[in-house]
Amino acid sequence: MKLLVIEDHDQLSANIRTYLHGEGYVCEVAGSYQQAVEKLYAYQYDLVALDLMLPDGNGLDLLRTIKENWPQICVLIISAKNALDDKIKGLDLGADDYLAKPFHLAELNARLRAIFRRKNQQGDDKIQFEDMELNTQTFEVVVGGQVLDLTRKEFELIQYLLLNQNRVLTKQSIAEHLWGDYMDTADSFDFVYQHIKNLRKKVAEAGGTDYIHTVYGVGYKFKKG
């Protein structure tokens, strides 16, 4: 999962980034309203953790912008304990949940995973697609009753493809989603092809169907047939 943390306290955002990276997230940080807007327009995110108190703008206005332009993004408000009115307004504007400061990073992780499951997996830990089952809690993919021996990045790759089935995903968007925004400066995305190749091989060895279709000159599409 790819997360944008919008928080102006550098130490807190650094702690969040370090912790969630260890939990398997690709985590980016924006320290201001303007920087957040620039990142949102330039890159794709699954989740946003949004502090309402930003130095150059109102977090509620930013929330409204997110919901108008990227309604698929899950938003968790992180706010001060005494900001009850703002939290209520945020939920009314479409935020998926809120978490009062100070908070434990483990709870932040649990809240983020819960809202992602609710929005993308109907609250279920498992995603079923034809003969393939993906479990987001155990990080396992089962094909024909056999658990695939996947690396963490291979699991994240197949999850990203599956959640965006029938959509063409460019190699650059895949690279940025799985490795971070800085990948937009990469000279080549050949490593994406190698990961796709390894994934296809492991699915085939388990007797599964290859649902990853190459869109030549562009990227890949996950679909039936």
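Helices (H or I, at least four residues) and strands (E, at least two) are DSSP runs, numbered from the N terminus. The structure is a predicted model, in which local features need pLDDT of at least 70 and side-chain atom pairs count only at pLDDT 80 or more, whereas totals for chains, interfaces and linings use all residues. Residues are numbered from 1 along each chain as its sequence is written, and side-chain values use heavy atoms, with hydrogens and water left out.

The protein contains eight helices and 14 strands. For its 225 residues, a compact globule would have a radius of gyration near 17 Å, and the value of 18 Å found for the protein agrees with this; the radius is taken over C-alpha atoms, and the globule rule is 2.2 Å times the number of residues to the power 0.38. Along the principal axes, the C-alpha atoms fill a box of roughly 55 × 35 × 30 Å.

The domain assignment, which is of automatic or database origin, divides the protein into domain 1 (2–121) and domain 2 (126–222). The C-alpha centres of domain 1 and domain 2 are 26 Å apart. To their contact (heavy atoms within 4.5 Å), domain 1 contributes 15 residues and domain 2 contributes 19 residues. The size of an interface is often given as the accessible area lost when the parts come together. Between domain 1 and domain 2 the buried area (accessible area, 1.4 Å probe, that two parts lose on being put together, summed over both) is about 1300 Å², with carbon and sulfur atoms giving 40% of it.

Four residue pairs, both members at pLDDT 80 or more, are in polar contact between domain 1 and domain 2. A polar contact is a pair of N or O atoms within 3.5 Å; within protein, one must be able to donate a hydrogen and the other to accept it, and residues adjacent in sequence count only if both atoms are side-chain atoms. On the side of domain 1 that touches domain 2, strand 2 (26–30) and helix 5 (105–121) each supply at least two residues, and helix 5 gives the largest share, five residues.

Glu 7 lies in the loop between strand 1 (2–6) and helix 1 (10–22), and Lys 101 lies in strand 7 (residues 97–101), 94 residues apart.

Lys 101 is also joined to Pro 102 by a cis peptide bond, with omega about -5 degrees. Pro 102 is located in the loop between strand 7 and helix 5.
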